[in-house]
Structures are given as C-alpha cells and as structure tokens.
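Trainee: I would like to go through this model with you. Where do we begin?

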Amino acid sequence: MNDIQKREDALFEHISKLIEKSRKQAKTAINTAMVYTYYGIGKYIVEDEQNGYERAAYGKKVLKQLSEQLCAEYGNGWTVDTLKRCRFFYKAYSPYQIGATPLPQLNEVPKFQLSWSHYLILMRIERVEERRFYEIEATQQDWSVRELSRQVGSCLYERLVLSRNKEEVMRLSKEGQTVEKSSDVIKNPLTLEFLGLNPDTAYSESKLENAIINKMQQFLLELGKGFLFEARQKRFTFDEQHFFVDLVFYNRLLQCYVLIDLKMGKLTHQDLGQMQMYVNYYDRHIKQEFEKPTIGILLCERKNDALVELTLPKDANVYAAAYQLYLPDKALLQAKVKEWIEEFEENEEIKKLEED
C-alpha cells in the first residue's frame with residue numbers, strides 16, 4: 001500500500017468516526033428532547049386533572065379526546081396509553097414528589113440523561129432509593145435498556161443492600177455502587193440465570209465454569225464495576241505440586257487480583273484453607289508493590305458465614321458468595337432487606353442505651 005492510499009484511508013477513517021459521533025450525539029439529543037417533552041406533557045395533564053376532574057372520568061373522556069386530537073395532528077403515536085405514561089412519569093419525577101434524581105426546586109425540571117425506554121422501566125420502581133440507584137448506575141455504566149431491565153429483574157439493589165452495612169446502604173441511592181474495598185465486590189447472592197443451566201439438574205464444576213466462560217460478558221456485568229478477565233484454570237506450582245485457580249480476574253478500581261473458585265457441594269474448611277493459600281501465593285509472588293491485596297471468592301451453591309468466620313482470621317481477604325441459576329423473588333428479598341434494616345436499627349438502639 002503506497003503513501004497516497006494510506007493517507008486516503010486515514011482521511012476516510014477520521015471522517016467516518018466524526019460522522020458516527022455526530023449521529024450518536026444527534027440520536028442522544030433527540031432522545032433527551034423526547035423525555036423532556038413527555039415530562040412536560042405529563043405536567044400539563046396532571047395540572048389539568050387537578051383542576052377538579054374526577055380521575056376516572058378524566059382518564060376515560062379527556063385523555064381519549066386529547067389523544068384523538070394529537071393523533072390527527074401529529075400521527076398515531078399519541079395514544080391514551082402514551083398519555084397515561086406521561087402522567088405517570090411526571091408524578092414519579094415531579095418536584096412535588098421525591099424523584100430518582102437529586103431534588104430540584106419546586107419550579108425546576110429534573111435532569112434527565114437516559115432514554116425514554118430507560119425511564120419506562122425506572123418509573124415503575126416504587127421505592128425512591130432503589131429508583132435513584134438504578135438511574136445512577138444506568139447513567140454511569142452506560143447500560144442498555146436490556147441491561148437495565150436485567151439488573152432490575154435480578155434485584156441488584158436488594159442483593160447489594162444485603163451485602164452491606166446501613167451506612168453504605170444509604171450511599172447506594174446517592175452515589176450508586178461504590179468500589180473502595182474488597183467487600184464492595186460481594187453480592188448476596190450472585191445471580192447467574194443467563195448461563196441457561198437448569199437449577200434442578202445435576203452438573204459439574206467444569207460445566208459451570210464452561211458456561212461462565214461462554215457468557216463472560218454477562219458474567220462481568222453481574223460481577224460489577226471494574227472487573228477484567230485474565231485467565232481460567234490458572235496454574236501455579238508450589239513445593240513441586242501444581243495448583244489451579246478456576247477463574248482469575250483483575251479489578252482496575254481496587255487495583256487487585258480477584259480469584260474465584262467454583263464449589264458445587266458443601267463448603268468445607270479445606271476449601272477455605274485452599275483459597276487462603278491461593279491468595280497468599282498471589283500476594284507474595286504475583287502482585288506488584290503498588291497493588292492492593294488479592295481477594296479470594298468461593299462461589300458456592302450455599303454459603304456458610306459461620307464456617308468462614310470460624311476458619312479464617314478476621315482480616316482474611318477471602319469470602320464465600322452464594323450463586324443461584326434463576327432470578328430471585330423480589331418480594332422475598334425486599335422483606336429480607338426490611339428485616340435486615342429493622343434488626344440493624346434495633347441493635348443501634350441497644351448500643352446507645354448501653355453507652356448511656
């Protein structure tokens with residue numbers, strides 16, 4: 001290839017990138033304008049409805065008539081259902097409600113950064129803190145609509161809540177998922193429904209590992225922020241014996257290795273001891289001076305916190321994490337979250353009384 005051809009190709013590549021970027025920005029601007037339009041429509045509808053109409057009659061008569069007028073003028077997209085969604089959207093995000101974004105002033109419009117399809121999912125989340133969390137994560141992680149739907153369906157918020165203390169839970173609705181220490185990467189449980197394995201069928205650890213490798217993109221999304229895949233069945237030799245770590249990851253936010261071993265049967269103290277040895281090996285022979293201590297995770301069908309606590313020292317960087325092959329029961333997890341918060345608050349009250 002001569003120099004002229006190279007320059008022509010380079011020129012084409014630069015211009016192509018500029019066009020693609022411009023198209024993406026235009027699409028984003030159109031989507032954003034649509035969201036603000038729907039919000040404004042919802043505002044007018046709610047204010048009109050509050051002027052004395054009976055709600056049921058309003059929905060049947062006024063919205064139907066409005067829909068017919070709009071469809072005649074602007075096309076068939078302005079159905080009664082669309083207008084109802086606009087009203088619902090405004091009620092969820094209006095300044096008179098607590099929305100999923102930082103509270104605006106009474107005459108201020110919330111800042112919307114996602115597409116209308118994203119907000120169709122978000123506005124149906126009743127709990128304000130939960131909705132805030134998903135909006136922050138979807139914005140920061142650039143989740144597609146499909147990814148957002150999957151994370152809501154897999155109860156990411158509830159699983160993170162059950163893996164954290166109350167102070168950290170409060171941060172979820174303000175900052176999203178923060179990754180500052182090793183325990184921040186733990187979820188309770190890890191949901192692996194995307195692997196396509198039947199939870200009622202027996203399968204081996206190697207089959208589970210192969211399924212994860214084949215769905216690595218989804219698995220990284222489920223693990224959370226900052227994870228990079230490095231190796232499977234990573235071998236190291238010690239005292240003339242070969243050892244194999246099932247899966248090796250690196251977390252760029254924590255700047256540390258994360259080792260995962262898969263366990264099908266009952267978790268034993270031998271499993272914990274072996275993982276501690278893997279972590280020690282990486283800390284002493286693999287990690288660089290600037291890197292943080294290695295994290296070890298035993299991914300098992302049923303975790304045993306009491307066994308982990310009894311077997312390992314308090315400062316151990318080894319965790320047992322449960323996984324499940326089906327989407328969790330949201331109502332059950334919400335009940336657990338409520339029970340967990342009530343128990344925490346009760347313990348805090350007892351501590352205060354003891355201090356007094």
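Mentor: Begin with burial: buried means under 20% relative accessible area, exposed over 50%, and partly exposed in between, with a 1.4 Å probe and protein chains only. This is a predicted model, where local features need pLDDT of at least 70, side-chain atom pairs count only at pLDDT 80 or more, and totals for chains, interfaces and linings use all residues. Residues are numbered from 1 along each chain as its sequence is written, and side-chain values use heavy atoms, leaving out hydrogens and water.

Trainee: Are Y93 and Y119 buried or exposed?

Mentor: Apply the cut-off just given. Y93 and Y119 are both buried.

Trainee: How is the pair of Y93 and Y119 arranged?

Mentor: Rings of Phe, Tyr and Trp (its six-membered ring) pair if their centres lie within 6.5 Å; planes under 30 degrees apart count as stacked, over 60 as edge-to-face and the rest as tilted. A search of the whole structure gives 24 aromatic pairs. For Y93 and Y119 the centres are 5.5 Å apart and the planes are at 90°, so the pair is edge-to-face.

Trainee: How many residues apart in sequence are the parts that Y93 and Y119 tie together?

Mentor: Helices (H or I, at least four residues) and strands (E, at least two) are DSSP runs, numbered from the N terminus. Y93 lies in helix α3 (residues 80–93) and Y119 in helix α4 (residues 116–122), so the parts tied together are apart in sequence by 26 residues.

Trainee: What is the angle between the planes of F219 and F249?

Mentor: F219 sits in helix α10 (residues 216–223) and F249 in strand β3 (residues 241–251). Both F219 and F249 are buried. Their pair is tilted, with 5.8 Å centre to centre and planes at 40°.

Trainee: Which residue forms a salt bridge with E47?

Mentor: A salt bridge is a side-chain nitrogen of Lys or Arg within 4 Å of a carboxyl oxygen of Asp or Glu. E47 is partly exposed, at 32% relative accessibility. The closest N and O atoms are 2.9 Å apart, and the partner is K43.

Trainee: What is the relative accessible area of K263?

Mentor: The side chains of K263 and D271 meet in a salt bridge at 3.5 Å, N to O. D271 counts as buried, at 14% relative accessibility. K263 is buried too, with a relative accessible area of 13%.
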